[in-house]
Amino acid sequence: MAFLNTVLEPPAYGWKDEFGDLVKPTQGQIVKEFFSRLNVFKCKKNWLSFLSWMLIVFLTPFLGLFIFKYFSITGLIVAFVYSMIIMGTHGTIWHHRYCTHGAYKFSNKFWRFFTQNLTLKIIPEEIYAVSHHVHHALSDQPGDPYNAQGGFLYCFLADVNHQPINRNMNEKDYAKCVNLMQHTGVTTNTYTQYKKWGTLVSPLRTIIGIILNWGFWFTAFYLIGGPALACAVFGAAGFWAVGVRTFNYEGHGKGEDKRRDGVDYNRNDMSINQIWPGFVAGEWHNNHHLYPKSARSGFKPYQVDLAFYYIKLLSLIGAVSSYRDSKKEFYADHCKVIVDKVIVDNEKDFVTSEESVLVTE
């Protein structure tokens, strides 16, 4: 816990006050911190946060071209499916369940690379995975990088203000940080390189990887559907990259207790299950906080889990060697089955079969 308390670079306004309570900065303080941490001229160690938001800037013209030049209903449907379902589900599969929690293992490097690059590369693994470990350790507490009690802007700009790794780690703690990312295949800096760049990854390798990823997908979509399809998909990816930054604010009840009996079983934090993120991305967030290392978070029959279906498919074809599934554990811990004895219906003079009723605690 001590390591996770210090692995992220604290904001200028700090995580907590002298009483141990969450510091709730003003919107002005949040915005000032945001632009300060984007300033690569002030400090080159800001490069990864700067790049993360520049990728959105680069995608914006594609969205404009789609809306004002290539718009069609078909293109709109493609954009919706790509941004809401494909990008959302891939984020759950790759960044969430694999990079952060290691909920499943690939059989070889090819399938890991294949899954990593299934969509446009926008969110650097380092920014997401390391900070998400802290989020689970300190959910809704001071130090949680996207604590919903800090307000919408606190969460929306968290990737810059709260999620970058600490730039002043000693060599031992840096090795621990590297270990968190080792299974992802992301090539990490030496400690000397980290001291220079302030990140786990190098700028050159990261930028080349994004260029190759974007170049492949632009060429593929252009060949399939011309500039209209390419602009629809790339514009949709930029739209998703902005929208996904709102999730943890919504997923933790906007800082309020919105948990429902029989729906949200985890009571250790304010996470909630939501229909829309669940259906389009397999993100049943309260379930996930119950069993964070499970490759499945859609436990109940109506809880569609597209991310798990992909992982299961790869398992069936041998691309995934193992995965954790906490569905049985969920039912054992939070549900019980009442089996009625044989029921006699005197009026109709027949005997029904045994009936099982699922009851939540």
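How many cavities of 30 Å³ or more does a search of the whole structure find? The search finds three. Keep in mind as you explore that this is a predicted model.

**Stop 1: the largest cavity**

Select K45, S49, P164, R167 and T199. Of the 14 residues lining the largest cavity, these are the closest to its centre. The space inside comes to about 90 Å³. Helix α3 gives the largest share, three residues. Colouring the lining by class will show you six nonpolar, four polar and four charged residues.

**Stop 2: the second largest cavity**

Next, select M87, H90, H95, T119, L120, K121, I122, I123 and W240, which line the second largest cavity. Its volume is about 40 Å³. Which helix gives the most to this lining? Show helix α4 (residues 73-100): it contributes three residues. By class, the lining divides into five nonpolar, three polar and one charged.

**Stop 3**

Return to L120 and show its surroundings. Leaving aside neighbours within four places in sequence, L120 is in contact with L59, Y82, M87, N213, W214, W217, V233, F234 and A237.

**Stop 4: aromatic rings**

Display the aromatic side chains, where the count comes to 32 aromatic pairs. Begin with Y104 and F106. Their ring centres are 5.2 Å apart and their planes stand at 75°, so this pair is edge-to-face. Y104 is buried, with a relative accessible area of 1%, and F106 is also buried, at 12%.

Then move to Y191 and Y194. Here the ring centres lie 5.7 Å apart with the planes at 35°, so the pair is tilted. Both residues sit in helix α10 (residues 191-197), three residues apart, about one turn of the helix. Is Y194 buried or exposed? Y194 is buried, with a relative accessible area of 0%, whereas Y191 counts as partly exposed at 22%.

Note on methods
Residues numbered from 1 in each chain as written. Predicted model: local features only at pLDDT ≥ 70, side-chain atom pairs only at ≥ 80, totals over all residues. Heavy atoms only, no water. Contact = heavy atoms within 4.5 Å. 1 Å grid on protein atoms, 1.4 Å probe; cavity = no way out; pocket = protein on both sides within 12 Å on 5 of 7 lines; lining within 4 Å. Points joined across faces, edges and corners; volume = space filled by probe spheres on them. Helix = DSSP H or I, 4+ residues; strand = E, 2+ residues; numbered from the N terminus. Nonpolar A, V, L, I, M, F, W, Y, C, P; charged D, E, K, R; others polar. Phe/Tyr/Trp six-rings, centres within 6.5 Å; stacked < 30°, edge-to-face > 60°. Buried < 20%, exposed > 50% of the residue type's maximum accessible area, 1.4 Å probe, protein only.
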